[in-house]
Amino acid sequence: MKHRLSLQIGPVSFRIGSAWAEPLDALARLYAGYSEPEDGIADFTVRLEPEQIWRRWIRPSVAIRGDYILPDALPLALAHGLLAAEMGMNLQMALGQKRFLLLHAASAEKDGRALIMTGESGAGKSTLAALLGERGWRLMGDEFALLDLDEGRLHPFPRAVSLKNKAIAVMEQEVPGDRFGPRLEDTPKGTIRHLRPNQEALGRMGESARPALILFPRFGAAEAIRGVGQAEIFMRLTQASTNYVTLGAAGFDALAKLVGACPAAAIDYPDTGTAIGLVEELWREAA
Amino acid sequence: MAGPRYIADPEDCVRSVTLDGLSVLFHRPSGMTHIVASPAPEILVALRQGPADAAELLRRLREAYDFDGDEAADAVDARLAELEQAGLVRRA
């Protein structure tokens with residue numbers, strides 16, 4: 001491919017190739033401070049290609065390709081090329097990761113112990129993790145939590161945080177402007193702006209942590225904490241995992257160990273301030 | 001007249017953990033995960049002794065557990081049908 005970029009994010013490395021310079025320039029600016037893979041070999045390859053060859057110049061649209069392909073992944077406008085690169089990295093992880101049980105969850109660490117937050121899109125887990133990352137916690141990741149299959153430790157995957165719609169303004173008040181990517185309007189998920197995690201998250205991206213608390217946040221309801229039975233937690237986490245079925249017995253064992261060892265709760269919150277308070281309260285109780 | 005006889009996979013085909021009183025089972029041959037409540041796990045254990053119809057299964061369960069007659073027979077019939085549908089037991 002004409003343009004290339006390699007990135008190490010936690011224990012996973014990517015090589016991204018693109019037919020255009022723009023998406024990779026934007027990606028390189030957003031991921032300033034990240035290392036290249038030490039051995040020069042990437043775990044996953046992402047390719048951003050013209051949907052059809054002549055469309056590289058005429059109304060270009062970006063098709064996301066790689067080692068693992070979803071045949072119906074829609075092409076994006078070139079203006080959203082940065083989003084295409086991010087989605088491509090997520091897609092390769094979701095379809096191809098075999099070393100870890102992959103949970104679609106945000107995670108943050110304090111005192112060597114990890115908080116896992118999972119929920120449907122819009123539950124606010126990215127925003128909460130990003131906020132915690134600026135308020136005394138280490139952001140481990142906003143999208144995927146990587147559970148070690150043998151030791152049950154959680155590994156960071158601190159890619160750029162994908163902030164959507166109202167979450168953008170929340171984080172713009174919290175974080176200096178130079179850590180943000182461009183504002184991407186009218187994407188399939190609305191307005192998106194990426195946020196580079198802080199130096200603490202980047203500098204410690206090789207450090208795993210022991211899972212200590214699982215939360216199921218839900219934005220938009222009155223403040224509440226609800227208990228969740230362990231069998232329901234297990235079921236919810238299988239649904240939150242993109243590779244549970246592929247991993248077979250190894251995934252079952254890893255998940256059973258996690259659920260058996262971690263307290264969990266569902267939290268409803270009307271605003272992020274309330275959510276942070278609830279998280280801190282439950283974290284103290286779990287200690 | 002004897003009803004259909006059922007059989008369950010051997011123990012090493014099913015991994016099991018108990019969470020909050022429910023059993024979470026990973027069925028290796030199918031790769032499927034099931035969450036089941038009592039008496040389903042007990043039925044699976046009893047069927048591993050060998051093929052059995054509902055009456056024989058009930059007799060095996062009575063050896064290990066203390067319960068009343070008619071209701072238990074209905075419950076065992078219902079659970080067997082569910083377990084068969086889930087692929088955890090099959091006709092012998």
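**Exercise 1. Is Gly203(A) buried or exposed, and which helix holds it?**

Gly203(A) is exposed, because 11 other C-beta atoms lie within 10 Å. The cut-offs for this term are: buried with 20 or more other C-beta atoms within 10 Å of the residue's own, exposed with 12 or fewer, and partly exposed in between, with C-beta atoms placed from the backbone. Next, find the element: Gly203(A) sits in helix H5 (residues 199–203) of chain A. Helices (H or I, at least four residues) and strands (E, at least two) are DSSP runs, numbered from the N terminus. Finally, look across the chain: Gly203(A) and Tyr34(A) are 169 residues apart in sequence, with 8.8 Å between their C-alpha atoms.

Before we go on, a word on the model and its labels. Residues are numbered from 1 along each chain as its sequence is written, and chains are lettered from A and ligands numbered from 1 in the order in which they are written. This is a predicted model, in which local features need pLDDT of at least 70 and side-chain atom pairs count only at pLDDT 80 or more, while totals for chains, interfaces and linings use all residues.

**Exercise 2. Classify Val12(A) as buried or exposed, and find its contacts.**

Start with the place: Val12(A) belongs to strand E2 (residues 12–18) of chain A. Then count: Val12(A) has 25 C-beta neighbours inside 10 Å, so this residue is buried. Now set aside the neighbours within four places in sequence; Val12(A) is then in contact with Asp43(A), Met93(A) and Phe157(A). Two residues are in contact if their C-beta atoms, placed from the backbone, lie within 7 Å.

**Exercise 3. Describe how H1(A) and H2(A) pack.**

Recall that two packed helices are described by the angle between their axes and the distance between the axes. Here helix H1 (residues 21–30) and helix H2 (residues 81–96) of chain A pack at about 70°, with axes 8 Å apart. Axes are lines fitted to C-alpha atoms, for helices over the stretch in contact, and angles run from 0 to 180 degrees between N-to-C directions. H1(A) and H2(A) are therefore roughly perpendicular; angles under 35 degrees count as roughly parallel, over 145 as roughly antiparallel, 65 to 115 as roughly perpendicular and the rest as oblique.

Next, name the residues. H1(A) brings Glu22(A), Pro23(A), Ala26(A), Leu27(A) and Leu30(A), which meet Gly81(A), Leu82(A), Ala84(A) and Ala85(A) of H2(A). Sorted by class, the residues of this contact are seven nonpolar, one polar and one charged. In this scheme Ala, Val, Leu, Ile, Met, Phe, Trp, Tyr, Cys and Pro count as nonpolar, Asp, Glu, Lys and Arg as charged, and the others, Gly among them, as polar.

**Exercise 4. Where does chain A touch chain B?**

First the count: 13 residues of chain A are in contact with eleven residues of chain B. Helix H6 (230–240) and helix H8 (249–261) of chain A each supply at least two residues of the side that touches chain B. That side of chain A has eight nonpolar, five polar and no charged residues.

Now look at H6(A) itself, whose buried residues are Gln230(A), Ala231(A), Ile233(A), Phe234(A) and Leu237(A). Viewed down the axis of H6(A), they fall within an arc of 160°, so they line one face of the helix.

Methods:
Arc of directions from axis to C-beta.
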